[in-house]
Amino acid sequence: MKKNVAVILAGGVGSRLGLSTPKQFFKVAGKMVVEHTIDTFESNPHIHEIAIVSNPFYISDFESIIIKNGWKKVKKILKGGQERYHSSLSAIKAYEDTDVNLIFHDAVRPLVSQRILNDVIAALETYKAIDVAMPATDTIIQVNDRFIQEIPDRSKLMRGQTPQAFHLETIKHAYDIALQDPAFKVTDDCGVVVKYLPEVPVYVVNGEESNMKLTYKEDTYLLDKFFQLRKSELNTLPIDQENNLKNRVAVVFGGSYGIGADVAQLLKEKGANVFCYSRSMNGTDVGNKEQVSKALQEVYRQCGRIDYIINTAGLLNKEPLMSCDYQTICNAVNTNYMGTVNVALEAFPYLKESKGKLVFFTSSSYTRGRAFYSIYSSTKAAIVNFVQAIAQEWEPFGISVNCINPERTKTPMRVHNFGIEPDNTLLTSEQVAITTIQSLLSEFTGQVIDVKREEV
């Protein structure tokens with residue numbers, strides 16, 4: 001069986017993005033883009049080794065990043081060249097005379113899914129060259145001097161992505177021929193095979209819209225939004241790995257009912273030591289910093305560590321702003337937003353010690369303010385920005401901070417505001433709890449993790 005080597009092409013300088021440092025070092029969702037990319041390949045069981053191809057000026061930066069992340073599969077840092085194909089050639093040369101598959105991937109495509117990787121690797125068992133692509137959705141026109149010359153049939157056009165994968169001997173042979181061509185010009189590695197080894201079929205694996213490349217400044221906003229859709233990746237994490245949760249110490253604020261109660265119950269079933277705090281259970285109000293501090297001190301004195309802190313406490317009052325009394329407004333802001341800040345402030349020293357994980361909750365209403373939800377939706381939007389900010393601040397301390405974003409969920413708070421609704425239109429609190437536990441088992445940080453009902 002051939003060894004699969006992922007080649008992360010990170011030689012760019014980010015000129016089109018307008019940054020002072022290369023775009024692969026741009027931070028999103030709590031980590032550098034290239035860190036997200038390498039994490040994906042590091043966690044794939046079919047990838048045996050990773051090589052990073054870097055601009056020579058940034059090799060020392062990558063050395064530091066590798067040490068900080070503790071990646072086990074990264075074995076080589078190679079020097080790239082002026083053109084993209086120089087980076088590919090650097091990897092081909094480094095693995096010359098070995099029986100491997102080379103899987104080339106842009107460092108600035110951090111959202112490549114495990115499904116794409118698995119499909120590419122499976123295809124390598126049958127084909128010698130693999131591309132990843134998406135169907136073209138816009139009409140493509142061929143122009144000459146600003147005039148249309150031809151409109152190709154869109155049904156036969158696709159938009160190329162990465163990874164692109166090859167048997168080493170195939171891509172090496174293609175480049176050996178290409179480099180003898182004085183007019184050699186190509187934009188990607190599959191293009192070299194198509195042009196210079198026409199007898200070798202290039203199989204196309206279906207890509208994904210989220211597998212986008214960070215190129216222009218506007219892409220940073222799209223990339224940030226796509227990171228919010230990472231919940232699908234959580235489905236691959238086994239919830240039954242009891243050893244990962246056994247004897248861990250977890251604190252759940254708002255654990256008396258609804259999502260908080262289900263999170264606490266699931267953690268207990270997996271062997272964690274769970275402590276719940278809420279106003280109704282023990283008089284703990286997350287809006288009161290001293291009460292939050294007291295709760296965490298109690299747990300630490302008893303257990304000597306805290307691994308997970310989950311805050312599900314929240315208030316929803318569905319009514320127009322002008323009919324809402326001021327104290328109700330203050331209570332909602334104090335619980336929803338200041339409660340989040342208080343829990344984070346008091347959690348920091350404990351999670352820094354344990355390199356633990358902090359989870360907050362937003363709502364699907366955070367993306368747009370709506371009538372009757374002015375206070376609730378604005379505080380939930382604030383939570384998202386807060387999570388993304390402290391995830392970056394606390395990443396050097398090994399603390400993960402994420403935000404769960406459930407669709408409409410059947411909880412006592414929702415019933416109080418909406419009455420009886422058809423069950424098939426709502427998530428159950430148990431479904432949200434499962435995703436919450438999966439986030440604790442993941443390496444994600446700084447992400448808004450959607451929880452959606454499965455389409456029937």
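In this predicted model, helix H5 (residues 168-178) and helix H6 (residues 189-196) have axes that come within 9 Å and cross at roughly 70 degrees. That angle makes H5 roughly perpendicular to H6, since anything from 65 to 115 degrees falls in that class. As for the hand of the crossing, H5 passes H6 in a left-handed way. On the H5 side, the contact is made by Ile-171, Ala-174, Tyr-175, Ile-177 and Ala-178; H6 brings in Asp-189, Val-192, Val-193 and Tyr-196. Sorted by class, the contact of H5 with H6 has eight nonpolar residues and one charged residue, with no polar ones.

Aromatic rings come next. A pair of such rings is described by how far apart the centres are and by the angle of the planes. The count here comes to 13 aromatic pairs. Take Phe-25 and Tyr-58: their ring centres are 5.6 Å apart and their planes sit at 55 degrees, so this pair is tilted. Phe-25 counts as buried, at 13% relative accessibility, whereas Tyr-58 has a relative accessible area of 22% and is partly exposed; the cut-off for buried is under 20%.

A further pair leads back to the two helices. The rings of Phe-184 and Tyr-196 have centres 6.1 Å apart and planes at 55 degrees, so they too make a tilted pair. Phe-184 lies in the loop between H5 and H6, and Tyr-196 lies in helix H6 itself, twelve residues apart from Phe-184. Both partners count as buried: Phe-184 at 15% relative accessibility and Tyr-196 at 12%.

Elsewhere, Asn-342 is found in helix H13 (residues 326-354). Asn-342 counts as buried, with a relative accessibility of 5%. Leaving aside residues up to four places away in sequence, Asn-342 touches Val-286, Gly-287, Asn-288, Lys-289 and Val-292.

How values were computed
Residues numbered from 1 in each chain as written. Predicted model: local features only at pLDDT ≥ 70, side-chain atom pairs only at ≥ 80, totals over all residues. Heavy atoms only, no water. Axes fitted to C-alpha atoms, helices over the stretch in contact; angles between N-to-C directions. Helix = DSSP H or I, 4+ residues; strand = E, 2+ residues; numbered from the N terminus. Parallel < 35°, antiparallel > 145°, perpendicular 65-115°, else oblique. Left-handed = near helix turned anticlockwise from the far one by under 90°. Contact = heavy atoms within 4.5 Å. Nonpolar A, V, L, I, M, F, W, Y, C, P; charged D, E, K, R; others polar. Phe/Tyr/Trp six-rings, centres within 6.5 Å; stacked < 30°, edge-to-face > 60°. Buried < 20%, exposed > 50% of the residue type's maximum accessible area, 1.4 Å probe, protein only.
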